Amino acid sequence: MLQTATITFLEKLAKNNNKPWFDTHRDDYAAATEDFESLVTEILNGLAGTEPVFKEQKAKDCIFRIFRDVRFSKDKTPYKSHFGAFFSKGGRKFPGAGYYLHIEPGGKSFAGGGLWIPEAQLLKAVRQEIDYNFSEFKTIVEDKKFKKLFGAINGEQLKKLPHGYWEDNPAIEYLKLKSFTVGHNLEDKDVTGKGFIKKTAEVFTTMRPFIDFLNRAM
């Protein structure tokens, strides 16, 4: 579980998202970062039990920087007001599907994952995989536990049909997607509770067939 102080730091950062405040609270940032890194390490150890690819990874391979790139953004706030980590066979820079943990106060945290805005060639390959093996894909995303934890797949849809596919394709609503992600919302009390690691493990385990299917397209 995370320490309450880590949630408090992120709450304060959201209200004081500027360099002068951040500079005077670097000790708090360091403590919060260390706390999050410990959590990510625990999650990696749990994943390694069933997926050996995670055995060699470190927390730093998965965690995103809190510093924002504001060069091309209208929002010039310098820091993210959340912590995020991506667990995949290639760490946070892996272009394929993986598991994602998002920690943000105010009930905005979630555990989830999938494939977010993939490159055109990979997106084409995923669509083909779904088209060729739709019965398998449908079984995964319509599993009772999967639907209970995640509901429907998230992702912006094309307004027109994707090239090479027709409206009568039984998988067309999935083939229109430009991202394939799911998430399970978490309250602050969940994130700081003793059962948090167990809950995250349940979410990621339920998601694994979905992640494996998407990565098969690579």
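**Exercise 1. A helix and its buried residues**

Find which residues of helix 3 are buried, and say what they pack against.

*Solution.* Step 1: go along helix 3 and pick out the buried residues, which are Y29, A32, T33, D35, F36, L39, V40, I43, L44, L47 and A48. Keep in mind that you are looking at a predicted model.

Step 1: look at the surroundings. The buried residues of helix 3 pack against helix 1, helix 2, strand 1, strand 2 and helix 9.

Step 2: check the length. Helix 3 has 23 residues, and its first and last C-alpha atoms are 32 Å apart, close to the 33 Å expected at 1.5 Å a residue.

**Exercise 2. One face of helix 1**

Work out why the buried residues of helix 1 line one face of the helix.

*Solution.* Step 1: begin with the span. Helix 1 covers residues 4-15, and at 1.5 Å a residue its 12 residues should span 16 Å; the end C-alpha atoms are 17 Å apart, which agrees.

Step 1: list the buried residues of helix 1, namely T6, I7, F9, L10 and L13. Seen down the axis of helix 1, the buried residues fall within an arc of 155°, so they line one face.

Step 2: recall a rule. An α-helix has 3.6 residues a turn, so residues three or four places apart point the same way.

Step 3: turn to the other side of helix 1, where T4, A5 and K15 are exposed.

Step 4: see what covers the buried residues of helix 1. The cover includes helix 2 (19-24), helix 3 (26-48), strand 1 (83-87), strand 2 (98-103) and helix 8 (188-191).

**Exercise 3. Building the sheet**

Give the order of the 4 strands in the open sheet, then find how many bridges join each pair of neighbours.

*Solution.* Step 1: the strand order is 1-2-3-4, with antiparallel pairing. The edge strands are strand 1 and strand 4, each of which pairs on one side only. On average, neighbouring strands of this sheet are turned by 15° against each other, direction ignored.

Step 1: take strand 1 and strand 2. They pair in the antiparallel sense over 5 bridges, and F86 stands opposite Y100 in strand 2.

Step 2: move on to strand 2 and strand 3, an antiparallel pair with 5 bridges. Here H102 has F110 in strand 3 as its bridge partner. The hairpin of these strands has 5 residues between them, and G106 takes a positive phi near 85°.

Step 3: finish with strand 3 and strand 4 (residues 180-186), which run antiparallel and are joined by 7 bridges. A111 stands opposite H184 in strand 4, while the bridge partner of F110 in strand 4 is N185.

**Exercise 4. Enclosed strands and a helix across the sheet**

Decide how enclosed strand 3 is, and find the helix that lies across the sheet strands.

*Solution.* Step 1: count the buried residues of strand 3 (residues 109-115). They are 6 of the 7, so strand 3 is largely enclosed by the rest of the structure. Strand 4 is mostly covered, with 5 of its 7 residues buried.

Step 1: look for the helix. Helix 9 lies across strand 1, strand 2, strand 3 and strand 4, and runs at about 15° to strand 3.

Step 2: zoom in on I211, which is found in helix 9 (residues 196-216). I211 has 3% relative accessibility; buried means under 20%, so I211 counts as buried. Leaving aside neighbours within four places in sequence, I211 is in contact with A97, G98, Y99, G113 and G114.

**Exercise 5. Core and surface**

Name the residues that touch the most other members of the largest nonpolar core, then classify A152 as buried or exposed.

*Solution.* Step 1: the largest nonpolar core has 62 residues, and F36, F87, I103, I130 and F210 touch the most other members. Helix 3 gives the most to this core, with 9 residues.

Step 1: follow F87. Beyond its neighbours within four places in sequence, F87 is in contact with V40, I43, L44, L47, F54, C62, G98, Y99, L101 and F204.

Step 2: now find A152, in the loop between helix 6 (144-150) and helix 7 (172-175). A152 has 55% relative accessibility and exposed means over 50%, so A152 counts as exposed.

Step 3: A152 and A31 are 121 residues apart along the chain, and their C-alpha atoms are separated by 36 Å.

Terms used:
Residues are numbered from 1 along each chain as its sequence is written. This is a predicted model: local features need pLDDT of at least 70, side-chain atom pairs count only at pLDDT 80 or more; totals for chains, interfaces and linings use all residues. Side-chain values use heavy atoms; hydrogens and water are left out. Helices (H or I, at least four residues) and strands (E, at least two) are DSSP runs, numbered from the N terminus. The expected span of a helix is 1.5 Å times one less than its number of residues. Buried means under 20% relative accessible area, exposed over 50%, partly exposed in between (1.4 Å probe, protein chains only). The arc is that of the directions from the helix axis to the C-beta atoms. Contact means heavy atoms within 4.5 Å. Two strands pair if DSSP finds at least two bridges between them. Axes are lines fitted to C-alpha atoms, for helices over the stretch in contact, and angles run from 0 to 180 degrees between N-to-C directions. A nonpolar core is a set of buried Ala, Val, Leu, Ile, Met, Phe, Trp, Tyr and Cys residues joined through side-chain atoms within 4.5 Å.
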